[in-house]
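I opened the notebook to go through one model from overall fold down to single residues. My notes follow in the order I looked things up.

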Amino acid sequence: MQIHLAPMEGVVNARMRALLTSAGGIDRCITEFVRVTNQLLPPRVFHRLCPELQLDGKTPSGVPVYVQLLGSEPLPMADNAARAAELGALGVDLNFGCPAKCVNRHRGGSVLLDEPELIHSIVGEIRAALPKHCPLTVKIRLGYRDRSRFLDVVAAIVDGGAQQLTVHARTRDDGYTPPAHWHEIAPAGERFAIPIVANGEIWSPKDAEKCLNDSGCNDIMLGRGILSRPDLALSIKAAQAGDGYQDKDWQQIFPMVRELFQDSLVNCAPRHVGGPVKQWLGYLRRHYPEAAGLFEEIKRLRAPQDLQAALLDHQQAA
């Protein structure tokens with residue numbers, strides 16, 4: 001069983017990929033999307049969104065990172081996929097699942113799920129442009145407004161030559177509202193030979209077990225669940241193997257929060273230093289009461305020195 005880290009725009013950047021993969025259990029990461037319009041992008045764009053290209057395409061923990069592309073023009077998408085491979089990407093992933101209105105208005109992401117013929121063209125052009133050794137994967141939702149074209153979309157992706165498909169088990173109109181409809185992935189697995197990864201609403205090992213049973217998939221992708229509980233992948237794999245596992249407590253997780261803050265001091269403008277930590281605490285507080293308390297302490301702090309002092313006080317009090 002493989003567990004992939006979801007490419008959450010504005011959240012799972014290279015810093016977060018490094019932290020989460022250091023906790024263990026993750027087998028693959030995907031970058032935030034590279035937005036493709038009608039031109040070949042310069043290498044600096046790929047390096048900015050995937051600095052792991054300087055590390056043989058892997059996180060510091062050695063986990064492979066695929067470069068994700070988002071767009072609707074087959075030939076520019078193919079040109080940029082080829083460039084990603086030339087720069088050392090270990091795989092290319094296509095985003096046909098983003099639900100953001102601003103993306104959908106410009107014919108990107110999940111709006112294309114109503115156009116399986118176009119998806120087929122995009123996938124086919126990219127597969128032809130990539131070296132044979134470079135995997136092409138695709139991420140979708142069950143549909144845009146509804147699920148009526150789901151199997152047509154999967155057929156287009158398979159016929160286009162993709163090697164793997166990840167399905168977020170909700171439509172774009174479902175957004176992130178529970179539940180995820182894992183059972184609706186199953187017909188695709190029964191009809192097509194392509195390996196399918198199930199995604200959506202997996203917060204615990206029990207959720208993962210039900211997701212695998214309902215979807216018929218062998219692999220899963222984690223997003224908000226692993227942001228809320230950084231050792232979730234380890235816990236799921238231990239449960240699948242029947243091994244005992246002791247969940248990490250807050251004292252074991254907090255050093256990761258400190259590490260994110262130290263990185264932000266170096267790589268963020270002073271006025272933005274607190275943003276990444278506050279954002280992550282917003283997820284962590286779902287699982288750790290201590291994270292909720294720390295968030296309340298620092299949510300109105302802006303100055304880097306004030307934030308640093310508050311984190312130090314929290315560490316000493318823990």
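Is Ser-264 buried or exposed? I looked up its relative accessibility and found 0%, so Ser-264 counts as buried. I note that the model is predicted. Ser-264 lies in helix H11. I then listed its contacts, leaving aside neighbours within four places in sequence, and got Val-273 and Pro-276.

Pro-276 took me to helix H12, residues 275-284. I looked up the buried residues of H12 and found Pro-276, Val-277, Lys-278, Trp-280, Leu-281 and Leu-284. What covers them? The cover includes helix H1 (14-23), helix H9 (224-228), H11, helix H13 (289-298) and helix H14 (304-317).

**Overall fold**

I stepped back to the whole chain. I counted 14 helices and 9 strands in the protein chain. Its radius of gyration is 20 Å, close to the 20 Å that the globule rule gives for 318 residues, so the chain is as compact as a globular protein of that length. The C-alpha trace spans about 60 × 45 × 35 Å along its principal axes. Buried residues make up 55% of the 318. I also checked contacts with a separation of 6 or more: 69% of them come from residues 24 or more positions apart.

**Core**

How many residues does the largest nonpolar core have? I found 103. Those with the most contacts inside this core are Leu-69, Leu-94, Phe-96, Ile-140, Ile-157, Trp-250 and Trp-280. Helix H11 (residues 250-267) gives the largest share of the core, 7 residues. In soluble globular proteins, nonpolar side chains tend to be buried together.

Not counting residues up to four places away in sequence, Leu-69 touches Val-34, Val-36, Phe-46, Met-77, Asn-80, Ala-81, Val-92, Asp-93, Leu-94 and Asn-95.

**Helix pair H3 and H5**

Met-77 and Ala-81 turn up again in H3, where they are among the residues that meet H5. I looked up the geometry of the pair. The axes of H3 (residues 74-86) and H5 (residues 116-129) come within 8 Å and cross at roughly 35°. H3 passes H5 in a right-handed crossing. On the H3 side I listed Pro-74, Leu-75, Met-77, Ala-78, Ala-81 and Ala-82. On the H5 side I listed Leu-118, Ser-121, Ile-122, Glu-125, Ile-126 and Ala-129. The residues of this contact divide into 10 nonpolar, 1 polar and 1 charged.

Glu-86 is also in H3. Its relative accessibility is 65%, so Glu-86 counts as exposed. Glu-86 and Pro-43 are 43 residues apart in sequence, and 9.7 Å apart in space from C-alpha to C-alpha.

Most residues other than glycine have a negative phi, and most peptide bonds are trans. I looked for departures. A cis peptide bond joins Pro-178 and Pro-179, with omega about 0°. Pro-179 lies in the loop between strand S7 (164-171) and helix H7 (186-191).

Asp-56 has a positive phi of about 60°. Its place is in the loop between helix H2 (43-49) and strand S4 (65-70). With 64% relative accessibility, Asp-56 counts as exposed.

Glu-201 has a positive phi of about 65°. I placed Glu-201 in the loop between strand S8 (196-199) and helix H8 (205-215). Why does Glu-201 count as buried? Its relative accessibility is 17%, and buried means under 20%.

Note on methods. Residues are numbered from 1 along each chain as its sequence is written. This is a predicted model: local features need pLDDT of at least 70, side-chain atom pairs count only at pLDDT 80 or more; totals for chains, interfaces and linings use all residues. Side-chain values use heavy atoms; hydrogens and water are left out. Axes are lines fitted to C-alpha atoms, for helices over the stretch in contact, and angles run from 0 to 180 degrees between N-to-C directions. Helices (H or I, at least four residues) and strands (E, at least two) are DSSP runs, numbered from the N terminus. A crossing is left-handed if the near helix is turned anticlockwise from the far one by less than a right angle, and right-handed if clockwise. Contact means heavy atoms within 4.5 Å. Ala, Val, Leu, Ile, Met, Phe, Trp, Tyr, Cys and Pro count as nonpolar, Asp, Glu, Lys and Arg as charged, and the others, Gly among them, as polar. A nonpolar core is a set of buried Ala, Val, Leu, Ile, Met, Phe, Trp, Tyr and Cys residues joined through side-chain atoms within 4.5 Å. Buried means under 20% relative accessible area, exposed over 50%, partly exposed in between (1.4 Å probe, protein chains only). The radius of gyration is taken over C-alpha atoms; the globule rule is 2.2 Å times the number of residues to the power 0.38.
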